[in-house]
Amino acid sequence: MNDSHLVKVSGVDKVFKRGSEEVHVLGGLDLEIPNGDFLALMGPSGSGKSTLLNLIGGLDRPSEGKVEVGGKRIDKLSDRKLAGWRARHVGLVFQFYNLMPVLNAQKNVELPLLLTKLSKAERKKRAALALDIVGLSHRTGHYPRQLSGGEQQRTGIARAIVTDPTLLLCDEPTGDLDRKSGDEILDLLQALNKEQGKTIIMVTHDIHAAARAKRTLHLNKGQLSTEAVD
Amino acid sequence: MKYLYLIFSSLKRKKLRTGLTILSIMVAFILFGYLTAIRQAFDAGIEVAGADRLIVRHKVSLVQLLPQSYEDKIERIDGVDNATHSTWFGGIYQESKNFFAQMPIVPEELFDMYPEFVISDEHKAAWLETRSGVLVGRGLMDRFDWKVGDRIPINATIWGKKDGGRTWEFDLVAVYDGAEKGTDTSQFFIRYDFFDETRANGQGLVGWYTVRIADPERAAEVAAAIDAEFANSAQETKAEPEGAFIQGFANQIGNIGFIIMSIMSAVFFTILLVAGNTMAYTVRERTNELAVLKAIGFTDRGVLGLVLGESLAITFVGGVLGLGHAWLLVSMGDPTDGSFPVFYLPTFDLFLGLILIVAMAFIAGIVPALQAQKLQIADALRR
Ligand SMILES: Nc1ncnc2c1ncn2[C@@H]1O[C@H](COP(=O)(O)OP(=O)(O)OP(=O)(O)O)[C@@H](O)[C@H]1O
Ligand SMILES: [Mg+2]
């Protein structure tokens, strides 16, 4: 076993039940991700990219197999413990940002910190710092509807990194953005990977985006490969 | 505490809907407060009724009179401490809408029987000296802006005068205050001796007796003994506890407590549907947001708490506004302009209101909150 492997997925099956019908999405899937990796995950729509990301982020459980993150079997944790684990170790970035419309940028970024024991002043300071890192210090009081798509996504990234998680999971982070804003987001992710050593897994449909990662894996028919299969 | 901001922010989401819901809840609690005060007004006499007092009236009805001579007979019955009589005068001051009770009684007996009436020695003495004098409650005096020394004309509807006149003139010489908040200070006491010698007929007849008993535990037994004493006489009696007597009096209008309870139940049931509907929508529309909260680490129970918290925030804002307005309205005074001897919102019912707010929040919020708790992140994020 290699200690530098932050994520270790072994023999994972994922089956969804749709009524009486069973959908096999992942079958005997293995994946190892070293600390500090920046992995792009590609594959046709419906191939199970989001499903795999959910399993690694502890948002869902495999039907079969093991998911280890930082040496911990997260598939074995209780719902309650898993929630706590997510709060401490995972940062999530979504395609449609998923910010709270009633909270301004600052409060959105502070949200994950509510689950910590940090004081109000400390929470405020850290949120400001995260917003600074993503280059949004001048927009802290703005509500999501007052921000551009790129700015919303940067707020989303600030929210994902504010707890200083080891693992950043991004599901099509540039999928809803124009080229220029998308590039800015990718610059940011690259910087987070290089300068702060964040391990990043990014689902994308865009080859340009994938090119920014250290490596790319393709998901098809429940299996991963280094080559795209058409 | 740190979640409060989150809870209150979410109320901003659908401002109109939240506002209307809060408004409905507010109206319900204004009704609650106001109707409570009205029920309280009807119950006031019953609550302050002495447990150690019985009322003895004619068996057939309150209108039938009893001989004054019963007093001694009642006082001789075992367990009776004291008995005193009252009579319904039924006069009108200026116009019939100015209704209030006037009663001829024996002053010394009144002081003894009703310790809850607080009167200065000076006023007591003045009344004992003035045959045409009256003792009035503070509330009644304020209602008509009377002052000590005023001469008050009352038109008789039942009791004509010997001289053929129907207008009785009384001198306001004494005022009483209530020892408790619920004490009836709307009464007008005439001296019985003056009344008896001035009335055209009915000499020696009185309306009913108030009887103080030595041991409240034996109330039923003493009441039975009194009725037995006068059984088979020309005027048979019915003795009952003062509280029951006043209740019976109020029930002539209808079962007020029941009517008010029915109205309030209907109102609260409706409001519960409104609040429940709002909460159901709040959760349904926010499936995605709630899933995101869970994704970033909120526990299932935490999300349940948030939804219940929102429900509480809405009902609390509406409920407290409602109770506050009710309190203001009630403190503006008796809506009947004097028919309610006491009109206020008891502290107990304010607390009851607060409990109702919490119960309402829970009932309206629990189903959506459980739905939020059960929400599967991966499922919900796909929607
Ligand atoms: N909760 C669920 N219940 C039922 N079926 C599901 C569920 N989640 C995913 N699926 C199915 O599993 C398959 C993989 O879905 P997934 O969202 O992981 O695909 P994806 O690779 O992310 O696709 P896309 O590129 O379109 O986002 C799909 O066929 C989908 O319908
Ligand atoms: Mg997907």
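**Close-ups of a two-chain model**

**View 1. The sheet of chain A.** Four strands of chain A make an open sheet, ordered β2-β1-β4-β5, with antiparallel pairing (strands are DSSP runs of E, at least two residues, and helices are runs of H or I, at least four, numbered from the N terminus; two strands pair if DSSP finds at least two bridges between them). The edges are β2 (21-34) and β5 (72-73) of chain A, each pairing on one side only. Strand β4 (residues 64-69) of chain A is joined to β5(A) by two bridges, and Val69(A) has Lys72(A) as its bridge partner. This is a predicted model: local features need pLDDT of at least 70, side-chain atom pairs count only at pLDDT 80 or more, and totals for chains, interfaces and linings use all residues. Residues are numbered from 1 along each chain as its sequence is written, chains are lettered from A and ligands numbered from 1 in the order written, and side-chain values use heavy atoms, leaving out hydrogens and water.

**View 2. Around Leu111(A) in the largest nonpolar core.** This core has 86 residues, and Leu31(A), Ile56(A) and Leu111(A) have the most contacts inside it (a nonpolar core is a set of buried Ala, Val, Leu, Ile, Met, Phe, Trp, Tyr and Cys residues joined through side-chain atoms within 4.5 Å; buried means under 20% relative accessible area with a 1.4 Å probe, protein chains only). Its largest share, ten residues, comes from helix α2 (residues 15-48) of chain B. Beyond neighbours within four places in sequence, Leu111(A) is in contact (heavy atoms within 4.5 Å) with residues including Met100(A), Leu6(B) and Phe298(B).

Technical notes: Buried < 20%, exposed > 50% of the residue type's maximum accessible area, 1.4 Å probe, protein only.
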